Amino acid sequence: MRRRPGGRRVLATVLFTDIVGSTELAARLEDRRWHRVLAQHHSLVRRELKRFSGREVDTAGDGFFAVFDQPAQAVRCAAAISNAVRTLGIDVRAGLHMGECELMGRKVGGIAVHIGARILGQARPGEVLVSSTVKDLIAGSGLSFQDRGTHDLKGVPGDWRLFALEQEALPPREEAVLEEAPSEEEARPRRRRIVAVATGATLIAAGVATFLFSRGGESFPTGPDSVARIDPRTNQIVGGVRVGAGPAAITVGRGAIWVANFDDKTLSRIDPSSGTEVARPGGVGIPVGIAEGEGRVWIVDGFADTLSILDPQTNQVVKVLRDTGGTAIAVGFGSVWIADSTNDAVIRIDPSTFDSERIPLPAGSSPAGIATGAGGVWVANSLGESVTRIDPTTHVPVARIALCCQPSAVAVGGGAVWVTSSGADTVSKIDPAANSAVLSRPVGDSPAGIAAGPGGIWVANSQDGSVWRLDASTGEVVARIDVGGSPRGIVILGDGSIWFTVGGAG
(Lines give C-alpha, C1' and ligand atoms only; values in the text may rest on other atoms or scores of the structure.)
Protein backbone atom coordinates (compact mmCIF):
# COMPACT_ATOMS: atom_id res chain seq x y z
CA MET A 1 0.00 0.00 0.00
CA ARG A 2 1.27 3.50 -0.80
CA ARG A 3 1.49 5.79 2.21
CA ARG A 4 0.35 9.37 1.92
CA PRO A 5 1.80 12.22 4.00
CA GLY A 6 0.95 11.75 7.65
CA GLY A 7 1.66 8.03 7.69
CA ARG A 8 -1.78 6.95 8.92
CA ARG A 9 -3.67 7.02 5.64
CA VAL A 10 -3.05 4.66 2.74
CA LEU A 11 -4.50 4.14 -0.70
CA ALA A 12 -5.39 0.47 -1.05
CA THR A 13 -7.66 -2.03 -2.73
CA VAL A 14 -9.74 -4.02 -0.27
CA LEU A 15 -11.01 -7.53 -1.01
CA PHE A 16 -13.71 -9.39 0.89
CA THR A 17 -14.67 -13.01 0.20
CA ASP A 18 -16.99 -15.55 1.77
CA ILE A 19 -18.41 -18.98 1.02
CA VAL A 20 -21.84 -19.06 -0.57
CA GLY A 21 -24.47 -20.85 1.52
CA SER A 22 -22.02 -21.74 4.27
CA THR A 23 -24.70 -22.14 6.94
CA GLU A 24 -26.63 -24.69 4.89
CA LEU A 25 -23.44 -26.49 3.90
CA ALA A 26 -22.30 -26.71 7.50
CA ALA A 27 -25.64 -28.18 8.55
CA ARG A 28 -25.63 -30.69 5.70
CA LEU A 29 -22.07 -31.84 6.15
CA GLU A 30 -21.97 -31.77 9.96
CA ASP A 31 -18.85 -30.77 11.87
CA ARG A 32 -16.48 -33.45 10.63
CA ARG A 33 -16.66 -32.79 6.92
CA TRP A 34 -17.45 -29.07 7.16
CA HIS A 35 -14.39 -28.16 9.19
CA ARG A 36 -12.17 -30.11 6.84
CA VAL A 37 -13.58 -28.30 3.79
CA LEU A 38 -13.29 -24.98 5.62
CA ALA A 39 -9.65 -25.58 6.45
CA GLN A 40 -8.85 -26.51 2.86
CA HIS A 41 -10.65 -23.36 1.72
CA HIS A 42 -8.50 -21.26 4.06
CA SER A 43 -5.32 -22.85 2.72
CA LEU A 44 -6.27 -22.21 -0.90
CA VAL A 45 -7.26 -18.60 -0.23
CA ARG A 46 -3.97 -17.91 1.54
CA ARG A 47 -2.03 -19.50 -1.30
CA GLU A 48 -3.64 -17.13 -3.83
CA LEU A 49 -3.20 -14.09 -1.58
CA LYS A 50 0.50 -14.77 -1.45
CA ARG A 51 0.73 -15.39 -5.20
CA PHE A 52 -0.92 -12.04 -5.98
CA SER A 53 0.88 -10.06 -3.23
CA GLY A 54 -2.16 -9.55 -1.05
CA ARG A 55 -2.02 -9.13 2.73
CA GLU A 56 -4.51 -10.95 4.92
CA VAL A 57 -5.98 -8.53 7.43
CA ASP A 58 -8.66 -10.63 9.08
CA THR A 59 -10.41 -13.97 8.90
CA ALA A 60 -13.77 -14.68 10.47
CA GLY A 61 -15.60 -17.95 9.97
CA ASP A 62 -15.68 -18.57 6.22
CA GLY A 63 -14.74 -15.01 5.18
CA PHE A 64 -11.47 -13.24 4.36
CA PHE A 65 -10.50 -9.57 4.34
CA ALA A 66 -7.30 -8.65 2.48
CA VAL A 67 -5.65 -5.56 1.03
CA PHE A 68 -3.55 -4.99 -2.10
CA ASP A 69 -1.36 -2.28 -3.57
CA GLN A 70 -2.62 -2.86 -7.10
CA PRO A 71 -6.33 -3.18 -7.96
CA ALA A 72 -5.70 -5.45 -10.97
CA GLN A 73 -3.80 -7.87 -8.76
CA ALA A 74 -6.68 -7.87 -6.30
CA VAL A 75 -9.23 -8.68 -9.00
CA ARG A 76 -7.08 -11.44 -10.47
CA CYS A 77 -6.59 -12.87 -6.99
CA ALA A 78 -10.34 -12.93 -6.40
CA ALA A 79 -10.87 -14.78 -9.70
CA ALA A 80 -8.12 -17.28 -8.83
CA ILE A 81 -9.71 -17.95 -5.44
CA SER A 82 -13.10 -18.51 -7.08
CA ASN A 83 -11.58 -21.07 -9.44
CA ALA A 84 -9.44 -22.79 -6.82
CA VAL A 85 -12.15 -23.47 -4.25
CA ARG A 86 -14.49 -25.05 -6.76
CA THR A 87 -12.38 -28.17 -6.49
CA LEU A 88 -13.75 -28.41 -2.95
CA GLY A 89 -17.32 -28.34 -4.21
CA ILE A 90 -18.01 -24.81 -2.98
CA ASP A 91 -18.55 -21.34 -4.43
CA VAL A 92 -17.27 -18.07 -3.06
CA ARG A 93 -18.28 -14.53 -3.83
CA ALA A 94 -16.01 -11.50 -3.71
CA GLY A 95 -16.37 -7.75 -3.31
CA LEU A 96 -13.68 -5.15 -4.08
CA HIS A 97 -13.24 -1.40 -3.72
CA MET A 98 -10.30 0.99 -3.76
CA GLY A 99 -9.92 4.09 -1.60
CA GLU A 100 -8.19 5.64 1.36
CA CYS A 101 -7.89 3.40 4.39
CA GLU A 102 -6.71 4.08 7.91
CA LEU A 103 -3.89 2.01 9.41
CA MET A 104 -4.30 1.02 13.05
CA GLY A 105 -1.31 -1.21 13.70
CA ARG A 106 -1.99 -4.34 11.65
CA LYS A 107 -5.65 -3.43 11.35
CA VAL A 108 -7.13 -1.54 8.41
CA GLY A 109 -10.25 0.63 8.71
CA GLY A 110 -12.08 3.50 7.10
CA ILE A 111 -15.03 4.07 4.79
CA ALA A 112 -13.34 2.21 1.91
CA VAL A 113 -13.36 -0.94 4.03
CA HIS A 114 -17.08 -0.58 4.76
CA ILE A 115 -17.81 -0.06 1.07
CA GLY A 116 -15.89 -3.21 0.13
CA ALA A 117 -17.82 -5.25 2.69
CA ARG A 118 -21.15 -3.89 1.40
CA ILE A 119 -20.20 -4.73 -2.20
CA LEU A 120 -19.54 -8.31 -1.11
CA GLY A 121 -23.11 -8.43 0.17
CA GLN A 122 -24.40 -7.65 -3.34
CA ALA A 123 -22.33 -10.32 -5.10
CA ARG A 124 -23.89 -13.46 -6.55
CA PRO A 125 -22.50 -17.00 -6.12
CA GLY A 126 -19.14 -17.31 -7.86
CA GLU A 127 -19.13 -13.60 -8.73
CA VAL A 128 -16.31 -11.08 -8.39
CA LEU A 129 -18.08 -7.74 -7.93
CA VAL A 130 -16.20 -4.43 -8.01
CA SER A 131 -16.96 -0.75 -7.62
CA SER A 132 -16.74 1.63 -10.56
CA THR A 133 -13.58 3.00 -8.94
CA VAL A 134 -11.81 -0.32 -9.34
CA LYS A 135 -13.12 -0.82 -12.87
CA ASP A 136 -11.96 2.62 -14.02
CA LEU A 137 -8.52 2.31 -12.45
CA ILE A 138 -7.69 -0.97 -14.19
CA ALA A 139 -8.76 0.08 -17.69
CA GLY A 140 -6.32 -1.44 -20.15
CA SER A 141 -5.49 -4.38 -17.88
CA GLY A 142 -7.25 -6.87 -20.15
CA LEU A 143 -9.97 -7.54 -17.56
CA SER A 144 -13.58 -7.20 -18.72
CA PHE A 145 -16.71 -6.46 -16.69
CA GLN A 146 -20.48 -6.60 -16.96
CA ASP A 147 -22.54 -3.71 -15.67
CA ARG A 148 -24.65 -4.77 -12.66
CA GLY A 149 -26.40 -1.43 -12.34
CA THR A 150 -26.63 0.93 -9.37
CA HIS A 151 -27.10 -0.23 -5.80
CA ASP A 152 -27.84 1.24 -2.43
CA LEU A 153 -25.10 0.11 -0.05
CA LYS A 154 -26.39 0.03 3.51
CA GLY A 155 -24.80 2.71 5.65
CA VAL A 156 -22.97 4.30 2.69
CA PRO A 157 -24.36 7.53 1.18
CA GLY A 158 -25.37 7.68 -2.48
CA ASP A 159 -25.91 5.16 -5.24
CA TRP A 160 -23.07 2.88 -6.25
CA ARG A 161 -22.55 1.45 -9.71
CA LEU A 162 -21.17 -2.08 -9.55
CA PHE A 163 -19.55 -4.33 -12.15
CA ALA A 164 -19.03 -8.11 -12.29
CA LEU A 165 -15.82 -9.58 -13.65
CA GLU A 166 -16.27 -11.58 -16.83
CA GLN A 167 -14.49 -14.80 -15.96
CA GLU A 168 -13.61 -17.64 -18.27
CA ALA A 169 -15.87 -20.67 -17.99
CA LEU A 170 -15.40 -22.08 -14.52
CA PRO A 171 -15.09 -25.83 -13.99
CA PRO A 172 -18.17 -27.51 -12.56
CA ARG A 173 -18.31 -27.81 -8.80
CA GLU A 174 -17.29 -31.24 -7.63
CA GLU A 175 -20.22 -32.10 -5.40
CA ALA A 176 -18.70 -35.48 -4.63
CA VAL A 177 -16.04 -33.78 -2.60
CA LEU A 178 -18.69 -32.53 -0.23
CA GLU A 179 -20.78 -35.66 -0.14
CA GLU A 180 -17.95 -38.11 0.50
CA ALA A 181 -18.01 -39.23 4.13
CA PRO A 182 -14.72 -39.34 5.99
CA SER A 183 -13.46 -42.63 7.33
CA GLU A 184 -13.02 -43.24 11.02
CA GLU A 185 -9.31 -42.75 10.54
CA GLU A 186 -9.96 -39.27 9.19
CA ALA A 187 -12.04 -38.30 12.18
CA ARG A 188 -13.31 -34.87 13.11
CA PRO A 189 -10.99 -32.05 11.98
CA ARG A 190 -11.69 -29.58 14.75
CA ARG A 191 -9.07 -27.12 13.51
CA ARG A 192 -9.82 -24.31 11.18
CA ARG A 193 -6.24 -23.12 10.99
CA ILE A 194 -3.89 -26.06 11.46
CA VAL A 195 -4.87 -27.67 8.20
CA ALA A 196 -3.06 -24.93 6.33
CA VAL A 197 0.02 -26.95 7.29
CA ALA A 198 -1.55 -30.33 6.56
CA THR A 199 -3.25 -29.28 3.33
CA GLY A 200 0.02 -27.82 2.13
CA ALA A 201 1.62 -31.22 2.57
CA THR A 202 -1.12 -32.74 0.44
CA LEU A 203 -0.84 -30.13 -2.30
CA ILE A 204 2.91 -30.33 -2.67
CA ALA A 205 2.79 -34.10 -3.08
CA ALA A 206 1.38 -33.64 -6.59
CA GLY A 207 3.28 -35.29 -9.41
CA VAL A 208 6.84 -34.18 -10.05
CA ALA A 209 9.49 -36.00 -12.01
CA THR A 210 11.90 -37.98 -9.84
CA PHE A 211 15.29 -36.39 -9.40
CA LEU A 212 18.35 -38.62 -9.07
CA PHE A 213 21.69 -37.50 -7.75
CA SER A 214 24.79 -39.62 -8.06
CA ARG A 215 27.78 -40.19 -5.83
CA GLY A 216 30.60 -42.28 -7.19
CA GLY A 217 28.30 -44.07 -9.62
CA GLU A 218 25.63 -44.62 -6.95
CA SER A 219 22.22 -43.01 -7.53
CA PHE A 220 19.74 -42.03 -4.88
CA PRO A 221 16.37 -40.25 -5.01
CA THR A 222 15.66 -36.74 -3.77
CA GLY A 223 12.39 -36.19 -5.58
CA PRO A 224 8.88 -36.33 -4.11
CA ASP A 225 8.25 -38.71 -1.21
CA SER A 226 11.84 -38.94 -0.09
CA VAL A 227 14.25 -37.84 2.61
CA ALA A 228 17.65 -36.45 1.60
CA ARG A 229 20.92 -35.84 3.42
CA ILE A 230 23.32 -32.89 3.13
CA ASP A 231 26.99 -33.06 4.08
CA PRO A 232 27.69 -29.77 5.94
CA ARG A 233 31.38 -29.92 4.97
CA THR A 234 30.55 -29.58 1.28
CA ASN A 235 26.97 -28.26 1.38
CA GLN A 236 26.10 -31.01 -1.10
CA ILE A 237 23.33 -33.61 -1.16
CA VAL A 238 25.02 -36.95 -0.52
CA GLY A 239 22.16 -39.38 0.04
CA GLY A 240 18.46 -39.99 -0.25
CA VAL A 241 15.86 -42.62 0.56
CA ARG A 242 12.25 -43.21 -0.47
CA VAL A 243 9.64 -42.93 2.27
CA GLY A 244 5.83 -42.84 2.46
CA ALA A 245 3.56 -40.44 0.59
CA GLY A 246 3.58 -36.78 1.56
CA PRO A 247 6.50 -36.60 4.02
CA ALA A 248 6.52 -33.36 6.00
CA ALA A 249 7.40 -33.29 9.70
CA ILE A 250 10.66 -34.93 10.76
CA THR A 251 12.49 -35.59 14.03
CA VAL A 252 15.53 -37.50 15.25
CA GLY A 253 16.13 -39.67 18.32
CA ARG A 254 16.78 -43.19 19.62
CA GLY A 255 19.33 -43.69 16.85
CA ALA A 256 16.76 -43.13 14.12
CA ILE A 257 15.18 -40.50 11.91
CA TRP A 258 11.40 -40.40 12.10
CA VAL A 259 9.26 -38.98 9.28
CA ALA A 260 5.54 -38.22 9.36
CA ASN A 261 3.99 -39.19 6.01
CA PHE A 262 0.86 -37.08 5.79
CA ASP A 263 -0.77 -38.61 2.71
CA ASP A 264 -0.54 -42.32 3.53
CA LYS A 265 -0.90 -41.84 7.30
CA THR A 266 2.29 -43.64 8.27
CA LEU A 267 5.68 -43.02 9.84
CA SER A 268 8.98 -43.86 8.21
CA ARG A 269 11.83 -44.97 10.44
CA ILE A 270 15.22 -44.41 8.81
CA ASP A 271 18.55 -45.81 9.91
CA PRO A 272 20.91 -42.84 9.38
CA SER A 273 24.02 -45.03 9.28
CA SER A 274 22.79 -47.08 6.33
CA GLY A 275 20.46 -44.47 4.88
CA THR A 276 17.60 -46.96 4.54
CA GLU A 277 14.00 -47.12 5.67
CA VAL A 278 13.78 -49.92 8.23
CA ALA A 279 10.12 -49.66 9.27
CA ARG A 280 6.90 -47.93 8.25
CA PRO A 281 4.38 -48.22 11.07
CA GLY A 282 0.80 -47.02 10.65
CA GLY A 283 -2.05 -46.42 13.05
CA VAL A 284 -1.02 -42.82 13.73
CA GLY A 285 -3.98 -41.03 12.18
CA ILE A 286 -3.05 -38.12 9.91
CA PRO A 287 0.35 -37.08 11.28
CA VAL A 288 0.92 -33.33 11.18
CA GLY A 289 3.62 -33.14 13.86
CA ILE A 290 6.19 -35.50 15.37
CA ALA A 291 8.76 -35.41 18.18
CA GLU A 292 10.96 -37.90 20.02
CA GLY A 293 11.88 -37.88 23.68
CA GLU A 294 11.27 -39.44 27.08
CA GLY A 295 11.69 -42.88 25.48
CA ARG A 296 8.79 -42.47 23.06
CA VAL A 297 7.87 -41.05 19.67
CA TRP A 298 4.95 -38.62 19.88
CA ILE A 299 2.67 -37.94 16.89
CA VAL A 300 -0.12 -35.36 16.77
CA ASP A 301 -3.15 -35.60 14.50
CA GLY A 302 -4.92 -32.25 14.47
CA PHE A 303 -7.80 -33.64 12.39
CA ALA A 304 -8.85 -36.32 14.86
CA ASP A 305 -7.50 -34.29 17.79
CA THR A 306 -5.29 -37.12 19.04
CA LEU A 307 -1.78 -37.78 20.28
CA SER A 308 -0.37 -41.20 19.34
CA ILE A 309 2.50 -42.61 21.40
CA LEU A 310 4.84 -45.05 19.69
CA ASP A 311 7.31 -47.38 21.36
CA PRO A 312 10.57 -47.21 19.34
CA GLN A 313 11.55 -50.68 20.56
CA THR A 314 8.61 -52.30 18.77
CA ASN A 315 7.66 -49.58 16.25
CA GLN A 316 4.09 -49.92 17.48
CA VAL A 317 1.59 -47.39 18.81
CA VAL A 318 1.05 -48.23 22.46
CA LYS A 319 -1.36 -45.48 23.49
CA VAL A 320 -3.60 -42.81 21.95
CA LEU A 321 -4.64 -39.74 23.92
CA ARG A 322 -7.80 -37.89 22.91
CA ASP A 323 -8.40 -34.13 22.84
CA THR A 324 -4.67 -33.44 22.59
CA GLY A 325 -4.12 -32.81 18.88
CA GLY A 326 -2.40 -29.76 17.46
CA THR A 327 -0.28 -28.24 14.74
CA ALA A 328 3.19 -28.95 16.14
CA ILE A 329 4.87 -30.79 18.99
CA ALA A 330 8.14 -30.68 20.95
CA VAL A 331 9.69 -32.59 23.83
CA GLY A 332 11.87 -30.98 26.47
CA PHE A 333 12.26 -30.16 30.17
CA GLY A 334 10.68 -33.50 31.07
CA SER A 335 7.39 -32.75 29.26
CA VAL A 336 5.67 -33.00 25.91
CA TRP A 337 4.45 -29.65 24.52
CA ILE A 338 1.75 -29.28 21.83
CA ALA A 339 0.73 -26.12 19.97
CA ASP A 340 -3.09 -25.97 20.03
CA SER A 341 -4.03 -23.40 17.40
CA THR A 342 -7.81 -23.63 17.69
CA ASN A 343 -7.95 -22.95 21.42
CA ASP A 344 -5.00 -20.52 21.46
CA ALA A 345 -3.17 -22.66 23.97
CA VAL A 346 -0.23 -24.95 24.60
CA ILE A 347 -0.98 -28.43 25.92
CA ARG A 348 1.60 -29.91 28.29
CA ILE A 349 1.67 -33.70 28.68
CA ASP A 350 3.35 -35.49 31.57
CA PRO A 351 5.15 -38.39 29.80
CA SER A 352 4.92 -40.61 32.90
CA THR A 353 1.26 -40.21 33.83
CA PHE A 354 -0.06 -38.82 30.51
CA ASP A 355 -1.89 -36.14 32.48
CA SER A 356 -2.46 -32.96 30.48
CA GLU A 357 -2.42 -29.27 31.32
CA ARG A 358 -3.69 -26.48 29.06
CA ILE A 359 -1.68 -23.25 29.10
CA PRO A 360 -3.74 -20.38 27.62
CA LEU A 361 -2.28 -17.88 25.17
CA PRO A 362 -3.78 -14.50 24.20
CA ALA A 363 -6.85 -14.76 21.99
CA GLY A 364 -5.96 -14.74 18.31
CA SER A 365 -2.48 -16.21 18.78
CA SER A 366 -3.06 -19.36 16.67
CA PRO A 367 0.21 -21.12 17.60
CA ALA A 368 1.73 -22.91 14.60
CA GLY A 369 5.18 -23.94 15.79
CA ILE A 370 6.84 -24.92 19.07
CA ALA A 371 10.38 -25.70 20.24
CA THR A 372 12.23 -26.18 23.52
CA GLY A 373 15.65 -25.05 24.71
CA ALA A 374 17.56 -21.91 25.74
CA GLY A 375 15.68 -21.86 29.02
CA GLY A 376 12.18 -21.83 27.61
CA VAL A 377 9.38 -23.29 25.56
CA TRP A 378 9.04 -21.11 22.46
CA VAL A 379 5.71 -20.82 20.66
CA ALA A 380 5.31 -19.25 17.21
CA ASN A 381 1.96 -17.42 17.11
CA SER A 382 1.01 -17.47 13.43
CA LEU A 383 -1.68 -14.79 13.70
CA GLY A 384 -0.25 -12.92 16.65
CA GLU A 385 2.97 -11.89 14.85
CA SER A 386 4.88 -12.90 17.94
CA VAL A 387 6.64 -15.67 19.84
CA THR A 388 5.53 -16.56 23.36
CA ARG A 389 8.12 -17.80 25.87
CA ILE A 390 6.81 -20.22 28.50
CA ASP A 391 8.74 -20.96 31.68
CA PRO A 392 9.29 -24.75 31.61
CA THR A 393 9.18 -24.97 35.41
CA THR A 394 6.14 -22.87 36.27
CA HIS A 395 4.39 -23.49 32.91
CA VAL A 396 3.50 -19.79 32.77
CA PRO A 397 4.06 -17.48 29.76
CA VAL A 398 6.78 -15.03 30.79
CA ALA A 399 7.44 -13.07 27.61
CA ARG A 400 5.84 -12.21 24.29
CA ILE A 401 8.34 -11.19 21.61
CA ALA A 402 6.97 -9.05 18.78
CA LEU A 403 8.04 -9.93 15.23
CA CYS A 404 7.84 -8.21 11.87
CA CYS A 405 5.45 -10.74 10.40
CA GLN A 406 3.43 -13.88 10.96
CA PRO A 407 5.69 -16.74 12.15
CA SER A 408 5.25 -20.32 11.00
CA ALA A 409 8.02 -22.48 12.48
CA VAL A 410 10.55 -22.14 15.30
CA ALA A 411 13.84 -23.81 16.25
CA VAL A 412 16.39 -23.37 19.05
CA GLY A 413 20.13 -23.62 18.48
CA GLY A 414 23.31 -21.71 17.95
CA GLY A 415 22.66 -19.73 21.13
CA ALA A 416 19.40 -18.24 19.82
CA VAL A 417 15.79 -18.87 18.83
CA TRP A 418 15.08 -18.82 15.09
CA VAL A 419 11.65 -18.23 13.55
CA THR A 420 10.48 -18.55 9.94
CA SER A 421 7.64 -16.68 8.26
CA SER A 422 6.31 -18.57 5.26
CA GLY A 423 4.20 -15.57 4.25
CA ALA A 424 6.95 -12.95 4.40
CA ASP A 425 9.77 -15.31 3.34
CA THR A 426 11.97 -14.34 6.28
CA VAL A 427 13.90 -15.82 9.19
CA SER A 428 14.13 -13.87 12.45
CA LYS A 429 16.61 -14.34 15.28
CA ILE A 430 15.57 -13.94 18.92
CA ASP A 431 18.06 -13.32 21.71
CA PRO A 432 16.79 -15.47 24.62
CA ALA A 433 18.71 -13.38 27.16
CA ALA A 434 16.91 -10.20 26.12
CA ASN A 435 13.63 -11.75 24.92
CA SER A 436 13.77 -9.62 21.79
CA ALA A 437 14.22 -10.07 18.05
CA VAL A 438 17.69 -8.93 17.02
CA LEU A 439 17.63 -9.47 13.27
CA SER A 440 15.49 -10.56 10.33
CA ARG A 441 16.78 -11.93 7.03
CA PRO A 442 15.05 -12.73 3.71
CA VAL A 443 15.25 -16.36 2.62
CA GLY A 444 13.70 -18.45 -0.15
CA ASP A 445 10.05 -18.82 -1.07
CA SER A 446 7.78 -20.11 1.73
CA PRO A 447 10.22 -21.41 4.35
CA ALA A 448 8.48 -24.44 5.85
CA GLY A 449 11.10 -25.97 8.13
CA ILE A 450 14.07 -24.75 10.14
CA ALA A 451 16.83 -26.42 12.13
CA ALA A 452 19.48 -24.64 14.20
CA GLY A 453 22.91 -25.63 15.48
CA PRO A 454 26.41 -24.28 16.05
CA GLY A 455 27.34 -25.09 12.44
CA GLY A 456 24.57 -23.00 10.97
CA ILE A 457 20.86 -22.41 10.54
CA TRP A 458 19.22 -24.57 7.87
CA VAL A 459 15.98 -23.46 6.18
CA ALA A 460 13.79 -25.60 3.90
CA ASN A 461 12.04 -23.35 1.36
CA SER A 462 9.03 -25.32 0.15
CA GLN A 463 8.01 -23.25 -2.87
CA ASP A 464 11.30 -22.69 -4.68
CA GLY A 465 12.85 -26.11 -4.07
CA SER A 466 15.85 -24.96 -2.07
CA VAL A 467 17.59 -25.40 1.28
CA TRP A 468 19.51 -22.42 2.62
CA ARG A 469 22.32 -22.38 5.15
CA LEU A 470 22.65 -19.24 7.29
CA ASP A 471 25.47 -18.14 9.55
CA ALA A 472 24.42 -18.68 13.18
CA SER A 473 25.90 -15.35 14.29
CA THR A 474 24.94 -12.95 11.53
CA GLY A 475 22.09 -14.72 9.77
CA GLU A 476 23.85 -14.14 6.44
CA VAL A 477 23.47 -16.73 3.68
CA VAL A 478 26.33 -19.22 3.53
CA ALA A 479 24.97 -21.63 0.90
CA ARG A 480 21.95 -22.33 -1.30
CA ILE A 481 21.26 -25.93 -2.27
CA ASP A 482 18.78 -26.74 -5.05
CA VAL A 483 16.50 -29.69 -4.34
CA GLY A 484 14.25 -31.80 -6.55
CA GLY A 485 10.72 -31.23 -5.29
CA SER A 486 9.56 -29.27 -2.26
CA PRO A 487 11.60 -29.47 0.97
CA ARG A 488 9.49 -29.37 4.12
CA GLY A 489 10.83 -30.54 7.49
CA ILE A 490 14.54 -30.44 8.38
CA VAL A 491 16.73 -31.70 11.25
CA ILE A 492 20.39 -31.74 12.28
CA LEU A 493 21.89 -35.02 13.50
CA GLY A 494 24.57 -35.39 16.13
CA ASP A 495 27.24 -35.88 13.46
CA GLY A 496 26.27 -32.54 11.92
CA SER A 497 24.57 -34.02 8.83
CA ILE A 498 21.34 -32.41 7.65
CA TRP A 499 18.28 -34.48 6.76
CA PHE A 500 15.15 -33.02 5.17
CA THR A 501 11.86 -34.27 3.79
CA VAL A 502 10.90 -33.70 0.15
CA GLY A 503 7.33 -33.40 -1.08
CA GLY A 504 6.18 -32.58 -4.59
CA ALA A 505 6.28 -29.37 -6.59
CA GLY A 506 6.01 -26.16 -4.64
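**Entry 1: helix H3**

I count a residue as buried when its relative accessible area is under 20%. The model I consulted is predicted. With that cut-off I looked up the buried residues of H3, and I found Ala112, Val113, Ile115, Gly116, Ile119 and Leu120. I then viewed H3 down its axis: the buried residues fall within an arc of 160 degrees, so they line one face of the helix. I recalled the general rule that an α-helix has 3.6 residues a turn, so residues three or four places apart point the same way.

I next checked the length of H3, which runs over residues 111–122. Its twelve residues, at 1.5 Å a residue, should span 16 Å, and I noted that the C-alpha atoms at its ends are 17 Å apart, which agrees.

**Entry 2: the sheet of E14 to E17**

I traced an open sheet of four strands and recorded the order E14-E15-E16-E17, with antiparallel pairing. Which strands stand at the edges? I identified strand E14 (247–253) and strand E17 (276–279); each has a single partner strand, so one side of each is left without a neighbour in the sheet. I also noted that neighbouring strands of this sheet are turned by 35 degrees against each other on average, direction ignored.

As background, I kept in mind that strands of a sheet pair through backbone hydrogen bonds, either parallel or antiparallel. I then examined one pair in detail. Strand E16, made of residues 266–271, pairs with E17 in the antiparallel sense over three bridges. For Arg269 I looked up the bridge partner in E17, and it is Ala279.

**Entry 3: Arg9**

I located Arg9 in strand E2, which covers residues 9–19.

**Entry 4: two loop residues with positive phi**

I looked up Glu294 and found its phi near 55 degrees, a positive value in a residue other than glycine. Glu294 lies in the loop between strand E18 (289–293) and strand E19 (296–301).

I then turned to Asp344, whose phi is near 50 degrees, again a positive value in a residue other than glycine. I placed Asp344 in the loop between strand E23 (335–340) and strand E24 (345–349).

Is each of these residues buried or partly exposed? I recorded Glu294 as partly exposed, at 46% relative accessibility, and Asp344 as buried, at 10%.

Terms used. Residues are numbered from 1 along each chain as its sequence is written. This is a predicted model: local features need pLDDT of at least 70, side-chain atom pairs count only at pLDDT 80 or more; totals for chains, interfaces and linings use all residues. Side-chain values use heavy atoms; hydrogens and water are left out. The expected span of a helix is 1.5 Å times one less than its number of residues. Buried means under 20% relative accessible area, exposed over 50%, partly exposed in between (1.4 Å probe, protein chains only). The arc is that of the directions from the helix axis to the C-beta atoms. Two strands pair if DSSP finds at least two bridges between them. Axes are lines fitted to C-alpha atoms, for helices over the stretch in contact, and angles run from 0 to 180 degrees between N-to-C directions.
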